[in-house]
Amino acid sequence: MTRTIAGALDYAVVGLWAASAYVGVAALSFLANPVQWQWPRWTFGALLVLGALSMVAYLTSTWATSGKTLGGQVMGTRVLHDGKRVHVARALARALVVVVFPIGLFWSAVDARSRSVQDLLTGTSVVYSWRSEVGNGS
């Protein structure tokens, strides 16, 4: 349940970021041509690509730096590899698998060690932050 709530918070963060980007583009287009302005019309495919790229960037950057997304921070979880901070390449790989196959996260509910499909494929693990010690340079 903890990971589900953390994931929902992360999707909300990225959704708000994408909505803000859309409003920003609309504002810039208004400034460029206020007389004939109208809301930008983006296709569903464009929105899907924007959302996917945003999610990959968000997950990769947070896992590679602190190991915690905002949802992980709130719920007290951290992503590690062999007990250490996740390297950017591994964080990117994990983020891509999360975005392409999000239902794989639910595997953690039945796995004896609470690993998701993403954890199994990338060699990562999700631990409670208060149980992990990540030192400088780890």
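R3 is partly exposed, with a relative accessible area of 23% (buried means under 20%, exposed over 50%, partly exposed in between; 1.4 Å probe, protein chains only). This is a predicted model, in which local features need pLDDT of at least 70 and side-chain atom pairs count only at pLDDT 80 or more, while totals for chains, interfaces and linings use all residues. Residues are numbered from 1 along each chain as its sequence is written, and side-chain values use heavy atoms, with hydrogens and water left out.

R3 forms a salt bridge with D119, and the closest N and O atoms are 3.0 Å apart (a side-chain nitrogen of Lys or Arg within 4 Å of a carboxyl oxygen of Asp or Glu). The pair links distant parts of the chain, 116 residues apart: R3 is in helix α1 (residues 2-32) and D119 in helix α5 (residues 117-122). Helices (H or I, at least four residues) are DSSP runs, numbered from the N terminus.

## D119 and R94

D119 is buried, at 2% relative accessible area. R94 also forms a salt bridge with D119, with 2.6 Å between the closest N and O atoms. Because R94 lies in helix α4 (residues 88-100) and D119 in helix α5, this pair ties together parts 25 residues apart in sequence. R94 is buried, with a relative accessible area of 2%.

## R115 and D111

The structure holds three salt bridges. One of them joins R115 to D111, the closest N and O atoms being 3.0 Å apart. R115 is partly exposed at 22% relative accessible area, whereas D111 counts as buried at 13%.

## Network

Salt bridges with shared partners join R3, R94 and D119 into one network.

How values were computed. Helices (H or I, at least four residues) and strands (E, at least two) are DSSP runs, numbered from the N terminus.
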